[in-house]
Amino acid sequence: MKFMKLGSRPDTFYTAESVRTVSCEVSSDLIIEVKGTKYLLHKFPLLSKCLRLQRFCYEISPETSQHQVIELPDFPGGIEAFELCAKFCYGITITISAYNIVAAQCAAENLQMTENVEKGNLIYKLEVFFNSCILQGWRDSIVTLQSTKAFPLWCEDLGITSRCIESIASKVLAHRSKVSLSHSHSRRVSDMSCTGTESQRHKPMIKGWWAEDMAELGIDLYWRTMIAVKSGGKIPSNLIGEALQIYASRWLPNISRKVKANRGQTSDSDSADEVSSKHRLLLESIVSLLPSEKGAVSCSFLLKLLKAANILNASSSMKTELARRVALQLEEARVGDLLIPSLSYSSDTVYDVDIVLAILEQFMLQGQSPPTSPPRSKMGFERRRRSRSAENIGFEFQESRRSSSALHSSKLKVAKTVDGYLQEIARDRKLPLSKFIAIADTIPDFSRLDHDDLYRAIDIYLKAHPDLNKSERKKLCRILDCKKLSAEACMHAAQNEKLPLRVVVQVLFFEQARAATAGDKGTDLPTNIKVLLASHNIDPSKHPGTLSSTTSIRADDQWSVSGLKSPKSRNSTLRMKLAEDDDLDEHDMDPDGMERHSKFKAFCALPTVPKKMFSKLLSINRSGSEKN
């Protein structure tokens, strides 16, 4: 970093009995008090360069005291800056750098050390050094801008802050080879190893080299500087986003722990509120700087900001805006990113499910009703116009098709993420069933290629909520499609005592049908099974993969509450439990008027020959119970 030396005399200032004075043959005739510290000095060197001190001395009557006393209670920069100006007046050597030039400028302006008093005065020399050296260097500009926060009003009036911001912004917009980097900065960006080659450990960022240094600024100065950088229009939005992520990672780390700790200290609530207010202002400033382009920042970063907004109790408008931006690129999110802690006093849940639900609803609104065919003209004269723009229409249609395909792929990814999210929140004992189902229902059927992850989430929820009644279990299991379960999931579900019985029956039924059709034995199925398949519009001669996309089962006919309990007499137990369930629900009628227990009669009529799947499950369950 650059510096400037002024004066040639050695430093002769010293302290005697708590008073600062200068070694001189002439006795002192002026006392100046700066913030409680007294200085015994001489009028001639000081008054010859400081117009304000001249006026003070003229106003004071010389007969009042042998030593004239001048008080400077609100001197900018304190005793360090005053002593720097005093030494300049005595010709003592002083050193000016980016670290003290702001304080020196403010102090010199306060003492009115202008050219009108003496040519080559301190203000002029500081201004020359500031323009020719400080503003030309990258690191010097950063350090100087940082130091302006100690004298905000003075620096605004003198134009120091604005000139530093303009200098930094111009260097960011310029090519890096044209920027004068200081030694302290260049050592970090281009460290040379002993062999003369560049060290890979400190390899510089080619494009966003400026982001880390700017992250040292306070939020007010950072915000103004980033506005200047963005207004230049030369920096890509993704680099702006990276810079904001670097800044947020430095100033918003572990914010949840800090806020929770502050909330726990009831005796110091004022300081806790002040900390939260500062963090909230910081967050609002970062959000306001986010580029509008999609993908400029990662979805993970947006969710971290949303999590911080939730913790800091930010405004609802900010949360809504962040949720909207997250929804635009939700396919990038991970399960951990969606686990936003709930700190609301009105909710006892561990995670904020409502805000995730709002994000999912926003995501599913994208690309609704996409065009399936190119537009056709209706009038004869429009045909000529269509012929002239046929290529444009075809191009737009192809773009629409690609966009629709990309949106479909995004929904498949989001479906996997949501099922993983459901598994995490299902462990919360205070999570209402309605919210769990609402999250699951936001995903359309075509987006879930299989229901294994959804089944795991349901199983976890049932274990964490053992007090669910029959109707609640029914309602929960309606979101599960047994036809989309894998063989492993079917094996687990068939032995899951927490599942409603009718789910277990359907799992066994569809697994047996799938095993039979997989062996090309669809035509050999018993008549009663064929009747059941036909009642659900299932063709046994086709591959079972079509079961997941071409069939639908009435919701009221899918579920019950009793589980499988003992490997002994499994068939009789199933018949008995199913009969009990049908007796309880006897008043429920199918849309075609057929009572539900007709399915139970069909199940009882199942022959014993094609029940290999049942036998396999019974043997597995029996061996497991014997081990226990």
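A residue is counted as buried when its relative accessible area is under 20%. By this criterion Tyr-90, at 9% relative accessibility, is buried in the present structure, which is a predicted model. Phe-13 is likewise buried, with a relative accessible area of 9%.

A search of the whole structure identified eight aromatic pairs. One of these is formed by Phe-13 and Tyr-90, whose rings adopt an edge-to-face arrangement with 5.9 Å between centres and 85° between planes. Because Phe-13 belongs to strand E2 (residues 13–16) and Tyr-90 to helix H3 (residues 78–90), the pair ties together parts that are 77 residues apart in sequence. A single aromatic cluster comprises Tyr-39, Phe-75 and Phe-82. An aromatic ring also takes part in an arrangement with a charged group: the charged end of Lys-483 sits over the ring of Phe-510, at 5.8 Å from the ring centre.

Strand E4 (residues 30–34) is mostly covered, four of its five residues being buried. Strand E4 pairs with two further strands, E5 and E6. With strand E5 (residues 37–41), E4 runs antiparallel and is joined by five bridges; within this pairing, Ile-31 has Leu-40 as its bridge partner. The hairpin formed by E4 and E5 has two residues between the strands, and Lys-35 in this hairpin takes a positive phi near 50°. With strand E6 (residues 68–72), by contrast, E4 pairs in the parallel sense, again over five bridges. Here the bridge partner of Leu-30 is Gln-68 of E6.

Burial was also examined in helix H6 (residues 138–147). Nine of the ten residues of H6 are buried, and the helix is therefore largely enclosed by the rest of the structure. The buried set consists of Trp-138, Arg-139, Asp-140, Ser-141, Ile-142, Val-143, Thr-144, Leu-145 and Ser-147.

Ser-342 lies between helix H17 (335–338) and helix H18 (353–364). The relative accessible area of Ser-342 is 14%, so this residue counts as buried, given that the limit is under 20%. When neighbours within four places in sequence are left aside, Ser-342 is in contact with Asn-310, Ser-347, Thr-349, Val-350, Tyr-351 and Asp-352.

Methods: Residues are numbered from 1 along each chain as its sequence is written. This is a predicted model: local features need pLDDT of at least 70, side-chain atom pairs count only at pLDDT 80 or more; totals for chains, interfaces and linings use all residues. Side-chain values use heavy atoms; hydrogens and water are left out. Rings of Phe, Tyr and Trp (its six-membered ring) pair if their centres lie within 6.5 Å; planes under 30 degrees apart count as stacked, over 60 as edge-to-face and the rest as tilted. Buried means under 20% relative accessible area, exposed over 50%, partly exposed in between (1.4 Å probe, protein chains only). A charge sits over a ring if NZ of Lys or CZ of Arg is within 6 Å of the ring centre and within 35 degrees of the ring normal. Contact means heavy atoms within 4.5 Å. Two strands pair if DSSP finds at least two bridges between them.
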